[in-house]
Number of protein chains: 2
Amino acid sequence: MKEKALVLLIEHKFRELGELLASLDAPDAAALLAEFPEEVLPLIFRLLPKGLAADTFVEMDADMQKRLIGAFSDLELKEVFDRLFVDDTVDIIEEMPANVVNRIIANCSNEKRRAINEVLSYPDDSAGSIMTIEYVGLKAQMTVSDAFMAVRKTGVAKETIYTCYVVDDDRHLIGLVTAKDLMLSEPDVKVGELMETRVISASTHTDKKEVAEMIRKYDFLALPVVDSENRLVGIVTVDDAIDVITEAAEDDFAKMAAIEPMENSYFKTGIFTHSRKRMVWLLVLMLSAAVTGAIITAYEEAFAALPLLIASLPMLMGTGGNCGSQASTMMIRGLAVGEVEPKDIGRVLWKELRIGAVIGLALAVVNTLRIFITYHGRPDCLMLALVTGITLIAVVLIAKSLGCALPLAAKKLHLDPALMASPLLATVCDTCVVLIYFNIATLFMNIMG
Amino acid sequence: MKEKALVLLIEHKFRELGELLASLDAPDAAALLAEFPEEVLPLIFRLLPKGLAADTFVEMDADMQKRLIGAFSDLELKEVFDRLFVDDTVDIIEEMPANVVNRIIANCSNEKRRAINEVLSYPDDSAGSIMTIEYVGLKAQMTVSDAFMAVRKTGVAKETIYTCYVVDDDRHLIGLVTAKDLMLSEPDVKVGELMETRVISASTHTDKKEVAEMIRKYDFLALPVVDSENRLVGIVTVDDAIDVITEAAEDDFAKMAAIEPMENSYFKTGIFTHSRKRMVWLLVLMLSAAVTGAIITAYEEAFAALPLLIASLPMLMGTGGNCGSQASTMMIRGLAVGEVEPKDIGRVLWKELRIGAVIGLALAVVNTLRIFITYHGRPDCLMLALVTGITLIAVVLIAKSLGCALPLAAKKLHLDPALMASPLLATVCDTCVVLIYFNIATLFMNIMG
């Protein structure tokens with residue numbers, strides 16, 4: 001596809017190239033355009049049919065959009081943005097520098113400008129910031145055929161017309177009818193008789209992740225957003241909910257690997273931005289690990305006397321880190337999907353301690369066997385097996401407890417539980433491992449010495 | 001809500017309890033029912049209005065469903081399952097023991113039984129296994145008003161009617177019209193003139209994650225599923241796509257924390273299942289870590305001569321693990337969302353090596369400063385700073401390279417990239433750290449000694 005388009009471009013076969021582009025869906029057209037040199041972008045973009053051009057523009061990344069806006073005449077700018085939905089326009093505006101924003105806003109209709117400003121004023125991460133203000137609003141006294149007329153009249157520009165909301169004269173949300181209800185009903189039935197009055201809605205300040213979770217849970221195509229007086233101000237559609245869900249999961253994946261979330265894709269992000277996003281936590285964790293190192297030096301005598309002690313250190317630290325990260329991942333995801341809450345801490349601890357006991361015992365048995373087999377015949381073999389066995393059980397129990405307690409505590413303190421994931425936890429566990437291990441070892445060595 | 005319902009139950013106010021339940025949505029009703037003792041479940045379930053009862057049944061967990069089916073008469077069973085969609089019925093059947101499945105199938109209509117068997121025969125994780133075979137099929141020669149009639153006639157039992165598919169006489173998929181198109185068109189326009197002929201479809205054997213990703217990417221409400229001869233056999237709806245996306249992300253979260261994915265929620269899963277799901281990887285990783293331990297013992301002399309060497313080990317192993325997990329998380333998620341492919345390995349390695357160089361240098365500088373400040377005055381201070389600095393840079397470079405290479409290699413070999421996440425990688429990195437560190441240390445000690 002790319003080769004074909006490139007050949008057409010080189011041969012200046014613009015009509016054929018336009019036809020090729022017109023046969024694509026917007027995401028594919030945007031992906032194809034991203035493959036071409038930036039210089040020819042405005043030229044190729046102008047070959048797209050108007051409707052597809054606007055949809056493709058939405059799918060592009062901010063750099064391409066900025067470049068295109070720079071190349072657009074005011075008329076072209078207006079043509080593209082007139083066809084965009086308010087929520088898409090807001091998404092684009094949020095990525096642009098101030099001078100570009102001013103040009104965009106200047107070329108919008110008054111009505112659209114008002115709507116954009118309204119959405120822009122809602123806090124990031126709120127339902128208000130992702131809602132669209134374009135929806136079908138009906139009145140209870142309308143008939144089904146009135147409703148159809150209303151849908152037809154206003155429907156073209158609406159992002160979704162499949163759930164229509166019924167409002168009273170003061171725009172209070174009083175019910176909803178689906179397009180399905182309308183299609184299956186006789187034309188003279190009143191909307192008021194047809195409508196579902198139990199409407200689940202979000203407020204403009206509801207967290208957008210909560211809104212997405214409601215849409216997922218109830219299998220909605222859209223969720224109405226109301227202000228503090230239950231007046232309908234917009235809707236969040238299922239496609240935006242999916243984006244919120246995947247974005248939130250990707251952010252958590254990054255945070256749980258000690259990376260600050262990034263806006264752009266892997267390849268689009270430069271070396272230094274990548275380095276910066278990963279450096280912060282690496283530095284914090286490196287310096288914390290130095291504490292563990294300092295503690296180790298306090299036990300120089302112990303491992304100078306028995307160097308074999310050090311041989312179990314990677315295994316103990318690794319197991320502690322892994323057990324902790326298992327428990328913390330369970331908690332972080334449990335909190336994210338609303339399955340676990342901070343008040344469950346007692347239940348969770350009790351459960352994790354029992355799981356820890358089962359796992360700790362099993363690992364200790366396997367490890368004791370391994371030490372017997374590996375170091376069979378050495379005089380300190382029994383002592384070593386005993387010390388690592390006891391440490392292993394203690395480490396598993398502590399790692400499991402910390403692993404569930406830290407994310408729940410973070411949530412309680414309104415911090416992000418995902419930050420309490422494996423990397424931080426492993427560092428804390430390492431310190432515990434060293435302290436427990438060398439103390440138990442010193443204790444047994446004194447007994448035996 | 002729970003208290004109120006419980007009081008009504010205790011006071012035998014069944015009519016009020018029924019009204020209370022009828023005011024709930026299915027997911028909330030299922031959640032409420034889960035709070036009651038199992039013994040009264042059939043009693044309370046029978047208070048639900050028929051339609052809500054079926055929807056609530058779908059939302060329950062397998063244990064509650066099994067208990068209810070056990071209490072149902074054949075008539076009740078038929079009443080509930082007649083109202084369920086085929087894909088929901090299949091989901092339930094897959095969780096039930098054979099005798100319960102037989103009872104369910106025996107009480108289904110012939111048509112439904114055929115449909116269930118068809119869906120059941122598709123491989124797990126395929127589009128066929130999550131599709132619904134209930135969709136609106138139109139013919140090109142129909143008019144808009146014919147189409148409306150068809151929607152009305154078949155629409156009640158269809159999971160989604162908002163995207164109607166146009167098939168020819170041999171059921172080949174030739175186009176689609178949305179309910180929006182139908183609602184905005186004149187009644188006598190032909191469907192054939194209205195339909196979009198560029199239809200994106202999946203095959204019955206397409207991976208369900210790919211299908212979900214297509215629905216997300218193109219903002220579809222449904223995606224048609226065709227057989228090998230392009231005959232329409234079903235559709236996958238957006239609500240199922242969201243479930244596939246969230247389930248896949250949760251599976252990856254678990255796998256990346258060395259936990260085998262679980263079917264049930266955290267609290268519903270027993271201690272021993274939890275232990276088993278976490279034990280496998282812990283054992284593998286524990287035994288692998290023993291290799292690192294064995295390597296350490298080969299360098300006993302080195303750290304017996306300079307015990308301070310051990311102090312940097314947790315920091316080096318921790319940093320290696322963290323750097324590796326940053327890179328591997330980037331790759332695993334990049335692969336999952338289709339942003340990175342195995343063939344990108346060259347580009348990725350080159351990028352990660354440069355990021356590694358920036359990060360490695362920065363960390364080495366900070367660490368050297370730290371060692372100077374902490375151990376200022378000790379004769380081996382300079383040597384230690386040099387050795388850990390060089391090791392740190394090498395470790396970061398190796399961790400970053402392994403972190404991106406392992407998941408890409410796994411994908412290439414058709415293994416699950418998520419298994420190459422932090423825990424396994426950290427263990428591999430630990431071995432590298434020990435080898436590099438002690439070799440460099442021995443080298444410099446010889447030079448200096």
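**Pocket and cavities in the predicted model**

In the second largest pocket, the lining consists of 7 nonpolar, 4 polar and 3 charged residues.

Second largest pocket
- The volume of this second largest pocket is about 250 Å³, and among its 14 lining residues those nearest the centre are A:F148, A:R152, A:P187, B:F148 and B:R152.
- Helix α12 (144-155) of chain A and α12 (144-155) of chain B each contribute at least two residues to the lining of the second largest pocket.

Cavities
- With a threshold of 30 Å³ or more, the count is 4 cavities, and the largest cavity has a volume of about 600 Å³.
- The largest cavity is lined by 41 residues, of which A:N322, A:A426, B:N322, B:S422 and B:A426 are the closest to its centre.
- By class, 23 nonpolar, 16 polar and 2 charged residues make up the lining of the largest cavity.
- The second largest cavity holds about 50 Å³ of space, and its lining residues include A:K255, A:W281 and A:P423.
- In chain A, α16 and α23 are the elements that give two or more residues to the lining of the second largest cavity, a lining that has 8 nonpolar, no polar and 1 charged residues.

Aromatic pairs and cluster
- Over all chains, the structure holds 19 aromatic pairs.
- The ring centres of A:Y266 and A:F267 are 5.1 Å apart with their planes at 75 degrees, so this pair is edge-to-face; A:Y266 is buried, at a relative accessible area of 3%.
- B:F57 and B:F81 also form an edge-to-face pair, with 5.6 Å centre to centre and 70 degrees between the planes.
- Because B:F57 belongs to helix α5 (residues 50-59) of chain B and B:F81 to helix α7 (residues 74-82) of chain B, their pair ties together parts that are 24 residues apart in sequence; B:F57 and B:F81 are both buried.
- One aromatic cluster is formed by A:F45, A:F57, A:F72 and A:F81.

Charges over rings
- The charged end of B:R347 sits over the ring of A:F267, at 3.8 Å from the ring centre.
- B:K351 lies over the face of A:Y266, 5.6 Å from the centre of that ring.

How values were computed
Residues are numbered from 1 along each chain as its sequence is written. Chains are lettered from A and ligands numbered from 1 in the order in which they are written. This is a predicted model: local features need pLDDT of at least 70, side-chain atom pairs count only at pLDDT 80 or more; totals for chains, interfaces and linings use all residues. Side-chain values use heavy atoms; hydrogens and water are left out. On a 1 Å grid over the protein atoms alone, a cavity is a set of points where a 1.4 Å probe fits but cannot get out, and a pocket is an open set with protein on both sides within 12 Å along at least five of seven lines; lining residues have an atom within 4 Å of a point. Grid points are joined across faces, edges and corners, and a volume is the space filled by probe spheres set on the points. Ala, Val, Leu, Ile, Met, Phe, Trp, Tyr, Cys and Pro count as nonpolar, Asp, Glu, Lys and Arg as charged, and the others, Gly among them, as polar. Helices (H or I, at least four residues) and strands (E, at least two) are DSSP runs, numbered from the N terminus. Rings of Phe, Tyr and Trp (its six-membered ring) pair if their centres lie within 6.5 Å; planes under 30 degrees apart count as stacked, over 60 as edge-to-face and the rest as tilted. Buried means under 20% relative accessible area, exposed over 50%, partly exposed in between (1.4 Å probe, protein chains only). A charge sits over a ring if NZ of Lys or CZ of Arg is within 6 Å of the ring centre and within 35 degrees of the ring normal.
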